[in-house]
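Take a look at the model below. We will go through it piece by piece, from its core to its charged side chains.

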Amino acid sequence: LDRCDRMPKHTRFTVSGRIAQFSIEVAEWITEAIYTRDRQELLRAINKNLEKLRLYFRLCKDRQYLSLGQYEYISREVNQAGVMCGGWLKSSGGHA
């Protein structure tokens with residue numbers, strides 16, 4: 001989220017705003033999933049938002065709002081979150 005604040009002003013209400021929104025939603029839904037038994041829908045929603053984040057981060061790299069190193073780092077982190085979410089979904093009886 002700190003990086004979103006440092007993006008160009010003309011992206012604040014579009015790209016960086018969406019990144020911040022999706023990131024916060026993912027964090028909220030993970031918290032909800034921890035405390036509920038029926039978590040398959042939440043985990044699917046998390047996976048969808050992670051995919052959207054991948055798209056926005058790729059766009060930021062292409063527009064040079066992120067350096068290649070920053071993009072590689074965030075891509076690994078988002079990918080790891082997706083792997084963990086997929087594993088959690090499988091273990092809870094859903095399909096990844």
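Contact here means heavy atoms within 4.5 Å. With that rule, R39 touches A33, I34, W88 and S92, not counting residues up to four places away in sequence.

A word on the source. This is a predicted model, in which local features need pLDDT of at least 70 and side-chain atom pairs count only at pLDDT 80 or more, while totals for chains, interfaces and linings use all residues. Residues are numbered from 1 along each chain as its sequence is written, and side-chain values use heavy atoms, with hydrogens and water left out.

Stay with R39. It sits in the loop between helix 2 and helix 3. Helices are DSSP runs of H or I with at least four residues, numbered from the N terminus. R39 is buried. Buried means under 20% relative accessible area, exposed means over 50%, and partly exposed lies in between (1.4 Å probe, protein chains only). R39 has no salt bridge, and the nearest side chain of opposite charge, D38, is 8.4 Å away. Lys and Arg count as positive, Asp and Glu as negative; His and the chain ends are not counted. A salt bridge needs a side-chain nitrogen of Lys or Arg within 4 Å of a carboxyl oxygen of Asp or Glu. What does the side chain of R39 have beside it? One of its polar atoms lies 2.8 Å from the backbone oxygen of A33.

Now the core. A nonpolar core is a set of buried Ala, Val, Leu, Ile, Met, Phe, Trp, Tyr and Cys residues joined through side-chain atoms within 4.5 Å. The largest one has 19 residues. Those with the most contacts inside it are I19, L43, I46, L50, L53, F57 and C60. Helix 2 (15-34), helix 3 (40-62) and helix 4 (68-91) each give two or more residues to this core. Helix 3 gives the largest share, eight residues.

Which helices do the buried residues of helix 3 pack against? They pack against helix 2 and helix 4. Among the buried residues of helix 3 are Q40, L43, N49 and Y56. Follow L43 across: leaving aside neighbours within four places in sequence, L43 is in contact with A33, C85, W88, L89 and S92. In helix 4, C85 and L89 are buried, and so are Y71, V78, G82 and G86. Helix 3 is included in what covers the buried residues of helix 4.

Next, helix length. The expected span is 1.5 Å times one less than the number of residues. Helix 3 has 23 residues and reaches 33 Å from its first C-alpha to its last, close to the 33 Å expected. Helix 4 has 24 residues and reaches 34 Å, close to the 34 Å expected.

Look at what follows each of these helices. Just after helix 3, Q64 takes a positive phi of about 65°. Q64 is not a glycine. Most residues other than glycine have a negative phi. Q64 is exposed, with a relative accessible area of 69%. After helix 4 comes G93, with a positive phi near 95°.

Last, the salt bridges. How many are there in the whole structure? A search finds three. R44 pairs with E41, their closest N and O atoms being 3.0 Å apart. R44 and E41 are three residues apart in helix 3, so about one helical turn separates them. R44 is partly exposed at 28%, and E41 is exposed at 58%. E51 and R54 meet at 2.9 Å, N to O. D62 and K61 meet at 3.1 Å.

Methods: A polar contact is a pair of N or O atoms within 3.5 Å; within protein, one must be able to donate a hydrogen and the other to accept it, and residues adjacent in sequence count only if both atoms are side-chain atoms.
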